[in-house]
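Student: I want to see how the labels follow from the numbers. Can we go through it label by label?

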Amino acid sequence: MPAPIRLRELIRTIRTARTQAEEREMIQKECAAIRSSFREEDNTYRCRNVAKLLYMHMLGYPAHFGQLECLKLIASQKFTDKRIGYLGAMLLLDERQDVHLLMTNCIKNDLNHSTQYVQGLALCTLGCMGSSEMCRDLAGEVEKLLKTSNSYLRKKAALCAVHVIRKVPELMEMFLPATKNLLNEKNHGVLHTSVVLLTEMCERSPDMLAHFRKLVPQLVRILKNLIMSGYSPEHDVSGISDPFLQVRILRLLRILGRNDDDSSEAMNDILAQVATNTETSKNVGNAILYETVLTIMDIKSESGLRVLAINILGRFLLNNDKNIRYVALTSLLKTVQTDHNAVQRHRSTIVDCLKDLDVSIKRRAMELSFALVNGNNVRGMMKELLYFLDSCEPEFKADCASGIFLAAEKYAPSKRWHIDTIMRVLTTAGSYVRDDAVPNLIQLITNSVEMHAYTVQRLYKAILGDYSQQPLVQVASWCIGEYGDLLVSGQCEEEEPVQVTEDEVLDILESVLISNMSASVTRGYALTAIMKLSTRFTCTVNRIKKVVSIYGSSIDVEIQQRAVEYNALFKKYDHMRPALLERMPVMEKVTTNGPTEIVQTNGETETAVLETKPPHSGLQTGSQANDLLDLLGGNDITPVIPTAPTSKPASAGGELLDLLGDLNLTGIPSITAYSKNGLKIDFSFERSNTNPSVTVITIQASNSTELDMTDFVFQAAVPKTFQLQLLSPSSSVIPAFNSGTITQVIKVLNPQKQQLRMRIKLTYNHKGSAMQDLAEVNNFPPQSWQ
């Protein structure tokens, strides 16, 4: 057979291939020739063939058929054969293939070879791909080589020991005596590998960590010698003596000093020296400084040293290298919670990074900016972040808007500033805000009683002709529905009031209803707002009735359902409409799903639901639904007056009949629950046919005295076997001489059909005195609870 081509010729030939198919053809042809040579046991050219096979393997072609040939080369007495054989073993074999175990004996022999270079090859191979079985068998030979005087072998043995410890951690103690002496070596290669070995042992064993803490002074001395030593061409990199060894020592010091006062104290001075004496003009110096900063932050260092570390990171932010700026921002983000004031000094530089073109730097700067916000700088930081929100890429807007919401809620200097900030976010990036942004803002506005007129005016102007930001339109619709009377009356004191008529307000809401940009949820907000305005406006009630009736035939089922319900309110239950559509009371941030327990004067604990929940912002289903239907008899006893359209699952579809005549209004006699001091409380009852467990009680309070009763509050409590829902009253003033009444609706869920008992509490002002009285009602007619 002719001699096979050399590796260099093969590389040159392959590089001449113009297409992938041509290259594959060359490789297949050469692989066939190599296979033939292997079958003929050609010892002369085995080394050359394996070398070519390794090149083809690195190009991505299969070369597994050369595994056994590698073992034959390893068994050869020639160094050139062994070198290629071991290289092939490291590339083609791993511990998942049983064939690698055949190498164990050859490696053991080579570890005891008389030539250091052969021993080095064996150590490299064992340290690269040795399995746990091989490591157990050969750990003794590695430990012997760690004690040799040959620095070439000691550094390779140390790295091999690292691999052995990773594979078989219980062999760690075997290397302990030899490891202690490695730090006395003057050879930088041995020092470097010994520090790597020490680091591995400390990370894997708490006992080793405690044992090696006594080496901190020695490591500090080595690091000091590196800093103070003059120019050494053998180890110099850009004017710095062996930066690789310095970085490794700093990492080991970080592990040894963590959570240990004595070790941290011993290394404080050297860390300060490294931080102040390292040249920063080259990237090599920056790498050392970065490791120094990480070490200072991780150990129990002095406060002045920590400030120095943060100042180094602050200088990194001014570097032209994007990678250095990125690691500085990442490190500052990790330390901002522990050293907040020190990081605050670099706030302006961090904010400038928001304008960086690199998106990774921009994101880190945004996260760090939010972490720096506090009560003192909230106005300035929010100004910068709102500017960033206005100009940033779409992928940042959701996180930025969420961060602004959280920061504003936590640090808002005033309610007006808080509302203005949230509105600015909704105007700028309304389509990117979280789902809970709308109910949270509604709650904020509701609780800011003095800001109602200002807020509704701002929102009205914000949505004029622009319905693109749906969350903003939803909040605006809700506010106009709640506070439309304040908008029309022009009561705003914070800024110049706008002159708006009732018809103009309705025009805006009708435009939202018909806009192609409005989602179904937004239309629901608008329709509900229009319905609310029927109790706040006086001149446009007929127009509102017309709009509501039109949407009773909407193709959107949710809107149609709302409109049908509201039509029913106008026609059959108009006397209840003012109470149902009354302005929302102040809402609590934390809501509960169950009834509230109240303790009476006699110590008895009873159950009452006296809370009002925040409005839901979107269409809900299942247990979350809060239909207006529930007010008159449903199976969901949650105390919510809905302010946006909601929907029930299919199983609850029958509840629509509650407003359309499915209530049993006859056969239950009314009772007088209270009559004293001119105040009379009458109860009338209704039972739902769709849910017989629910009793709807309508109270009527009348006043027969010659003076009005003001600030009237009716409270009720029932035993724990019942659930009670108390809705808002139609008014808080009971006119004198029985000239008018207050109505209020109570829903009682009585699943066990027990006799109904109720304790009521009445508070009101009369003739300049605050009145309060308790009474029990036990004379409920059987038809109301059986």
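Student: Why is Lys 753 called partly exposed?

Tutor: Its relative accessible area is 37%. Buried means under 20%, exposed means over 50%, and partly exposed is in between, with a 1.4 Å probe and protein chains only. So Lys 753 counts as partly exposed. This is a predicted model, where local features need pLDDT of at least 70, side-chain atom pairs count only at pLDDT 80 or more, and totals for chains, interfaces and linings use all residues. Residues are numbered from 1 along each chain as its sequence is written, and side-chain values use heavy atoms, with hydrogens and water left out.

Student: What makes the phi of Lys 753 worth a remark?

Tutor: Most residues other than glycine have a negative phi. Lys 753 is not a glycine, yet its phi is positive, about 55°. Lys 753 sits in the loop between strands S11 (741–749) and S12 (758–766). Strands here are DSSP runs of E with at least two residues, helices are runs of H or I with at least four, and both are numbered from the N terminus.

Student: Lys 767 has a positive phi too. Is Lys 767 buried or exposed?

Tutor: Exposed, because its relative accessible area is 56%. Lys 767 lies in the loop between S12 and S13 (769–777), and its phi is about 55°.

Student: What makes S9 and S12 a pair?

Tutor: Two strands pair if DSSP finds at least two bridges between them. S9 and S12 are joined by 6 bridges and run antiparallel. In one spot, Gln 715 stands opposite Lys 761 in S12.

Student: Why are S9 and S13 called edge strands?

Tutor: The open sheet has 3 strands in the order S9-S12-S13, with antiparallel pairing. S9 (710–717) and S13 each have a single partner strand, so one side of each lacks a neighbour in the sheet.

Student: Why does Cys 392 count as buried?

Tutor: Because its relative accessibility is 8%, and buried means under 20%. Cys 70 counts as buried too, at 1%.
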